[in-house]
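Trainee: I'd like to work through this model with you, one question at a time. Could we start with the strands and then move on to the side chains?

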Amino acid sequence: MSKLNSELLTQSVDGILKYSAGETVTIGKKDVKGKKRNFDETIDLQITLKNYDPQRDKRFSGSFRLPVIPRPNFQVCILGSQSHCDKADQIGIDRMTIEDLKKFNKNKKIIKKFAKKYDAFLASGPILKQIPRILGPGLTKAGKFPTLLDEGDNVQEKVDAVKATIKFQMKKVMCMSLAVGNVNMSAAEITLNVQLAVNFLVSLLKKNWQNVKVLYIKSSMGPPFQIYY
């Protein structure tokens, strides 16, 4: 059961959208003038945990597909067979063949730059198996090892699924942050994404809500709004 206060969440989402539109919002007891930016601001969910020992307790990880893509500018590249590359060309998605990848010649700097250029990768089955041999550990180190793209998959649907999927991974610190929306989404869409993301996170935690200290939502350039105390 969610312990998020729906009224507080609604006010916070409203505050983020007003601030990003250049309107004045009240934070605490202060009126703060917003500013409209010339780019689409991402909205992040910021999490601080408690009663958790990253050294001793089992680290958790999990992936969840949100109903609305949080980052429309999320860049995906397909490492594909000829048929997958043809489909990628049709829908305007960057793609590379096995021959293109071989041209990197296992150069670590080039592979690192390639990994940095994209947010995620999809790979056809036969190519996926060869990636460690052709590219080495570069994509794995970047946390971007490709997702499998089967021959019968709808490429557009698979790309959308990757764009909409968020990943929670406990590391050595008690804080984490991940994108759950953007300021061009409606308030209802942002609220739904936040609620589902928080509920999924809580399901991963050993003591559920007892492991959550505070939660904030924040746009790229805006102030944080606390949604759980």
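Trainee: In which sense do strand 7 and strand 8 pair, and over how many bridges?

Mentor: Keep in mind as we go that this is a predicted model. Strand 7 covers residues 120–124, and one of its residues, Ser-124, stands opposite Leu-149 in strand 8. The two strands pair in the parallel sense, and the number of bridges is three.

Trainee: What is the strand order of the open sheet of four strands?

Mentor: Start from the edges: strand 6 (94–96) and strand 8 (147–149) each pair on one side only. From one strand to the next, the twist averages 30 degrees. The pairing is parallel, and the order is 6-5-7-8.

Trainee: What angle does the direction of helix 5 make with that of strand 7?

Mentor: Helix 5 spans residues 125–135 and packs on the sheet. It touches strand 5 (76–79), strand 7 and strand 8. Its direction and that of strand 7 make an angle of about 115 degrees.

Trainee: Which elements do the buried residues of helix 7 pack against?

Mentor: Helix 7 runs over residues 155–164, and its buried residues are Val-155, Val-159, Ala-161, Val-162, Lys-163 and Ala-164. At the start of the helix, a side-chain oxygen of Asn-154 reaches to within 3.0 Å of the backbone nitrogen of Gln-156. The buried residues pack against strand 4 (61–65), strand 5, helix 2 (82–91), strand 7, strand 8 and strand 9.

Trainee: Is Thr-165 buried, partly exposed or exposed?

Mentor: Thr-165 lies in strand 9, residues 165–169. Buried would need a relative accessible area under 20%, and exposed one over 50%. Thr-165 has 27% relative accessibility, so the class is partly exposed.

Trainee: Where do Lys-102 and Glu-99 both lie?

Mentor: They form a salt bridge, with the closest N and O atoms 3.8 Å apart. Lys-102 is partly exposed at 42%, as is Glu-99 at 46%. The two are three residues apart, about one turn, and both lie in helix 3 (residues 98–102).

Trainee: Asp-100 and Lys-103 also meet in a salt bridge. Is Lys-103 buried, partly exposed or exposed?

Mentor: The side chains of this pair meet at 4.0 Å, N to O. Asp-100 has a relative accessible area of 22% and is partly exposed. The cut-off for the exposed class is over 50%. Lys-103 has 64% relative accessibility, so it counts as exposed.

Definitions and conventions: Residues are numbered from 1 along each chain as its sequence is written. This is a predicted model: local features need pLDDT of at least 70, side-chain atom pairs count only at pLDDT 80 or more; totals for chains, interfaces and linings use all residues. Side-chain values use heavy atoms; hydrogens and water are left out. Two strands pair if DSSP finds at least two bridges between them. Axes are lines fitted to C-alpha atoms, for helices over the stretch in contact, and angles run from 0 to 180 degrees between N-to-C directions. Contact means heavy atoms within 4.5 Å. Buried means under 20% relative accessible area, exposed over 50%, partly exposed in between (1.4 Å probe, protein chains only). A polar contact is a pair of N or O atoms within 3.5 Å; within protein, one must be able to donate a hydrogen and the other to accept it, and residues adjacent in sequence count only if both atoms are side-chain atoms.
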